[in-house]
Amino acid sequence: MYRLRIQRLREIAAQHGDTSPAAIARTTGIAESSVYRILSGASQPDLISALRLATAYDTTVEELMELVATEADRVPA
């Protein structure tokens with residue numbers, strides 16, 4: 001499972017002058033309410049939103065996301 005690296009997104013957005021959720025929403029075209037949920041960790045961006053974030057901030061989806069292990073990933077021996 002992949003999860004957004006929220007702090008990394010905040011750092012990259014700040015480098016582009018976007019230090020608030022409203023500014024991130026304006027730059028990316030993602031609804032402000034969605035940006036608030038994403039930045040609070042209440043939800044994860046869908047593929048389109050992840051691509052919008054990466055494109056708007058001249059980075060890659062891989063830079064913004066991290067692979068995290070889940071219970072389903074653990075196979076009993």
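Q: At roughly what angle do the axes of helix α2 and helix α3 cross?
A: Start with the kind of model. It is predicted. In this model, the axes of helix α2 (residues 21-28) and helix α3 (residues 32-40) cross at roughly 120°. They come within 9 Å.

Q: Which word describes how α2 and α3 lie to each other?
A: Look at the cut-offs. Angles of 65 to 115 degrees count as roughly perpendicular, and those over 145 as roughly antiparallel. The crossing here is at roughly 120°. α2 and α3 are therefore oblique to each other.

Q: Is the crossing of α2 and α3 left-handed or right-handed?
A: The crossing in which α2 passes α3 is right-handed.

Q: How many helices and strands does the protein have?
A: There are five helices and two strands. Next, read them in order. Along the sequence the pattern is β-α-α-α-α-α-β.

Q: What does the C-alpha trace span along its principal axes?
A: The spans are about 50 × 20 × 20 Å.

Q: What share of the residues counts as buried?
A: A residue is buried when its relative accessible area is under 20%. Of the 77 residues in this protein, 34% count as buried.

Q: How many salt bridges does a search of the whole structure find?
A: The general idea is a distance test. A side-chain nitrogen of Lys or Arg must lie within 4 Å of a carboxyl oxygen of Asp or Glu. Here the search finds three salt bridges.

Q: Which residue forms a salt bridge with R5?
A: The partner of R5 is E63. Their closest N and O atoms are 3.9 Å apart. Now place the two residues. E63 is in helix α5 (residues 61-64), while R5 is in the loop between β1 (2-4) and α1 (6-15). The pair therefore ties together parts that are 58 residues apart in sequence. R5 is partly exposed, with a relative accessible area of 31%. E63 is also partly exposed, at 27%.

Q: Where do E63 and R8 lie, and how far apart in sequence are the parts they tie together?
A: The side chains of E63 and R8 meet in a salt bridge, at 2.4 Å from N to O. E63 belongs to helix α5 and R8 to helix α1, so this pair links parts 55 residues apart in sequence.

Q: Which residues do salt bridges that share partners join into one network?
A: The network holds R5, R8, E11 and E63.

Q: What separates E11 and R8 in helix α1?
A: They are three residues apart in helix α1, so about one helical turn separates them. E11 has 37% relative accessibility and counts as partly exposed. R8 is partly exposed as well, at 23%.

Q: Which residues make a nonpolar surface patch?
A: For such a patch, nonpolar side chains are joined within 5 Å, and each residue has over 30% relative accessible area. L47, I48 and L51 make a patch of about 300 Å². Take L51 as one example. This residue lies in helix α4 (residues 47-56). At 38% relative accessibility, L51 counts as partly exposed.

Methods
Residues are numbered from 1 along each chain as its sequence is written. This is a predicted model: local features need pLDDT of at least 70, side-chain atom pairs count only at pLDDT 80 or more; totals for chains, interfaces and linings use all residues. Side-chain values use heavy atoms; hydrogens and water are left out. Patches are made of residues with over 30% relative accessible area and no salt bridge: like charges are joined within 9 Å, nonpolar side chains (Val, Leu, Ile, Met, Phe, Trp, Tyr) within 5 Å. Accessible areas come from the Shrake-Rupley method with a 1.4 Å probe; for residues, only the protein chains shown count as cover. Helices (H or I, at least four residues) and strands (E, at least two) are DSSP runs, numbered from the N terminus. Buried means under 20% relative accessible area, exposed over 50%, partly exposed in between (1.4 Å probe, protein chains only). Axes are lines fitted to C-alpha atoms, for helices over the stretch in contact, and angles run from 0 to 180 degrees between N-to-C directions. Angles under 35 degrees count as roughly parallel, over 145 as roughly antiparallel, 65 to 115 as roughly perpendicular and the rest as oblique. A crossing is left-handed if the near helix is turned anticlockwise from the far one by less than a right angle, and right-handed if clockwise.
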